[in-house]
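Open the model in a viewer and keep the selection panel at hand. The stops below go from one selection to the next.

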Amino acid sequence: MIVSRYSFNMYGLVNKAVEGLIRSKFGDETWGKIRADAGVPDEPFMSMESYDDSVTYNLVGSACKVLNLPAEAVLEEFGKYWVLYTAEAGFGGLMQSAGGSFPLFIRNLDALHTRVKLSFPNLQPPSFQVADEGERSLVLHYHSHRQGLAPFVIGLLKGLASRFQVDAEIAYERVDGVNAHDKFVIHWIPTT
Ligand code: HEM
């Protein structure tokens, strides 16, 4: 079970997407079970409203329990889904403007969230830095206020790889110490 160490809020858009993923992959009945197990009321999530992070973390925890899947698998699936979901949920233009290639888009992740913040003023986004860029490789450093979301980032990167028609190989490493964060070594080749 993953837990959030601090108290943060997440916009309802995220919980709406978790709901969309479960409903589309596993059906409405399974969503009902997961929602009830997580102690979430049977009401629609409001995209622009803030929800305590525990709502999202509990939904993921209950999805693991009901579906008998590890948290890593649920989070990775959610990452892939998020790339498709945001493009359909009114952020297609923003996704388009964030870059026309896999590496360009990755380099623009912070700029993307800065633009998202214009619509979601209380956004508590992560931060990404690109290092050691090669022609078909780069190292991505991910800093977050939240814990345990590296598998979500792996799913996001896989979702972006599909979006840009590349095959990506992603190696994950935890960097410990004062500047603790997650690091991803990414290599890709075009699929077309
Ligand atoms: C237009 C598309 C996108 C929108 C609208 C968006 C919006 C958001 C929102 C609302 C949150 C929750 C944080 C909060 O509510 O304070 C979030 C978190 C996050 N986003 Fe994005 N996002 C987008 C694209 C992406 C992409 C493509 C990535 C790829 C790496 C990404 C990586 C993350 C991560 C890792 C988090 C987790 C928060 C954390 O680490 O603290 N997002 N984003």
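Predicted model: local features only at pLDDT ≥ 70, side-chain atom pairs only at ≥ 80, totals over all residues.

Residues are numbered from 1 along each chain as its sequence is written, and side-chain values use heavy atoms, with hydrogens and water left out.

Select the iron atom of the ligand: its single donor from the protein is NE2 of H113, 2.1 Å away. Donors are N, O and S atoms within 2.8 Å of the metal (3.2 Å for Na, K and Ca); water is not among the atoms, so sites may look incomplete.

Next, show helix α7, residues 109–119, which holds H113. Helices here are DSSP runs of H or I with at least four residues, and strands are runs of E with at least two, numbered from the N terminus. This helix gives the shell around the ligand its largest share, four residues.

Now select the whole shell, 24 residues, each with a heavy atom within 4 Å of the ligand. Y11, H113, Q124, Y142 and S144 are the closest.

- Q124: a backbone N or O atom at 2.7 Å.
- S144: a polar side-chain atom at 2.7 Å.
- R146: a side-chain N or O atom at 2.8 Å.

Note on methods. Polar contact = N/O pair within 3.5 Å; in protein donor to acceptor, adjacent residues only side chain to side chain.
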